[in-house]
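Take a look at the fold below.

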Amino acid sequence: MTSFFASFCRNKGGLIGLVVLAAVCLMALVAGMVFPGSPWDIANGPFMPPLSEDAPLGTDMLGRDIASGIAYGARVTLLLAGVSTAVSILFGISMGAAAGFYGGKVDQAVVGFIELFQTIPSFFLAVVLVAILTPSMGTVIFAIAVVSWPPLARLVRAEFMSLKNREFVQAAVLSGQSNLRIILTQILPNSLSPVIVSGSLMIASAILLESALSFLGLGDPNSMTWGYIIGASRTVLRDAWWMSVFPGVAILVTVLALNLIGEALNDALNPKLARKRST
């Protein structure tokens, strides 16, 4: 762990991304203290520009505070992205582990199931699922998880196929350990490095996908999100640019921070690859 943290800290981009992500999470946590009211409440006059009185980032067409919407939107956006990524990781690991460990007909069935989902563009599949199930936080999480797990399942399957014939796994088999115990205690811990890196990137993709759904009006209508703010302001983009720019910057900065963290994790968990890049 010491070498991992030392390697991660040597990556300046990863540290910057970690600081930015921590700032976004802090903003989400203290949103209720900084902005005591609801983000749906009318705070001032409509279309007030940035740096106005009681509206540092301006107001929207109804007089709602953009800064309050961004702060509260960070809560919903991060929650949706985190939960949907956790669900897709659990399902993807389960499917990939079963396919890679057992092989044969199980592998064929899982690969066929994965290819079934990958034949449909992920964004359109998410739109269809949310539209059919009616927009809500639960359906958005479900839709993002459904379109996110197949690439991770393929990655885990490849890792299990390369590890299941190693000596330490064969020793566990000869010692009489059950298949489930071998998967959980022998193979899975040794295949977590690419899963961790992929997970950080999946959160960034989930944020973009959730923002796109909210932009189209397919997010939870009772939750303030960054995508909703941008979607609500698209008709007044020329007259009130700040309504789109500031939540767009929030999405850009958060996704960029997660990508930087993912790259730093990849270098820290794969030191040989990092040395090749440096040379």
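A nonpolar core is a set of buried Ala, Val, Leu, Ile, Met, Phe, Trp, Tyr and Cys residues joined through side-chain atoms within 4.5 Å. Buried means under 20% relative accessible area, exposed means over 50%, and partly exposed lies in between, with a 1.4 Å probe and protein chains only. This is a predicted model, in which local features need pLDDT of at least 70, side-chain atom pairs count only at pLDDT 80 or more, and totals for chains, interfaces and linings use all residues. Residues are numbered from 1 along each chain as its sequence is written, and side-chain values use heavy atoms, with hydrogens and water left out.

Start with the overall build. The protein has 13 helices and 0 strands. Helices (H or I, at least four residues) and strands (E, at least two) are DSSP runs, numbered from the N terminus. The C-alpha atoms fill a box of roughly 75 × 45 × 35 Å along the principal axes. Of the 279 residues, 46% count as buried. Contact means heavy atoms within 4.5 Å. Among contacts between residues at least 6 apart in sequence, 70% join residues at least 24 apart.

Now the interior. In soluble globular proteins, nonpolar side chains tend to be buried together. Here the largest nonpolar core has 46 residues, and Ile207 and Trp226 have the most contacts inside it. Elements that give two or more residues to this core include helix H1 (2-10), helix H2 (12-29), helix H6 (122-133) and helix H10 (192-215). The largest share, 10 residues, comes from H12. Ile207 touches Thr77, Leu78, Ala81, Ile251, Thr254, Val255 and Leu258, leaving aside residues up to four places away in sequence. A second, separate core of 16 residues includes Ile89, Ala97, Val195 and Met202.

Thr85 sits in helix H4. Its relative accessibility is 4%, so Thr85 counts as buried. With residues up to four places away in sequence not counted, Thr85 touches Gly199, Met202, Ile203 and Ala206.

Next, a helix pair. Two packed helices are described by the angle between their axes and the distance between the axes. Axes are lines fitted to C-alpha atoms, for helices over the stretch in contact, and angles run from 0 to 180 degrees between N-to-C directions. The axes of helix H8 (residues 167-174) and helix H9 (residues 179-187) come within 11 Å and cross at roughly 145 degrees. Phe168, Val169, Ala172 and Val173 of H8 meet Ile182, Gln186 and Ile187 of H9.

Which residues of H9 are buried? They are Ile182, Ile183, Gln186 and Ile187. Down the axis of H9, these buried residues fall within an arc of 115 degrees, so they line one face of the helix. The arc is that of the directions from the helix axis to the C-beta atoms. An α-helix has 3.6 residues a turn, so residues three or four places apart point the same way. The cover over the buried residues of H9 includes helix H4 (66-102), helix H7 (137-163) and H8.

Finish in the loops. Leu51 is not a glycine, yet has a positive phi of about 65 degrees. Leu51 lies in the loop between helix H3 (31-34) and H4. With a relative accessible area of 79%, Leu51 is exposed. Thr134 also has a positive phi, near 70 degrees, in a residue other than glycine. Thr134 belongs to the loop between H6 and H7. Its relative accessible area is 49%, so Thr134 is partly exposed.
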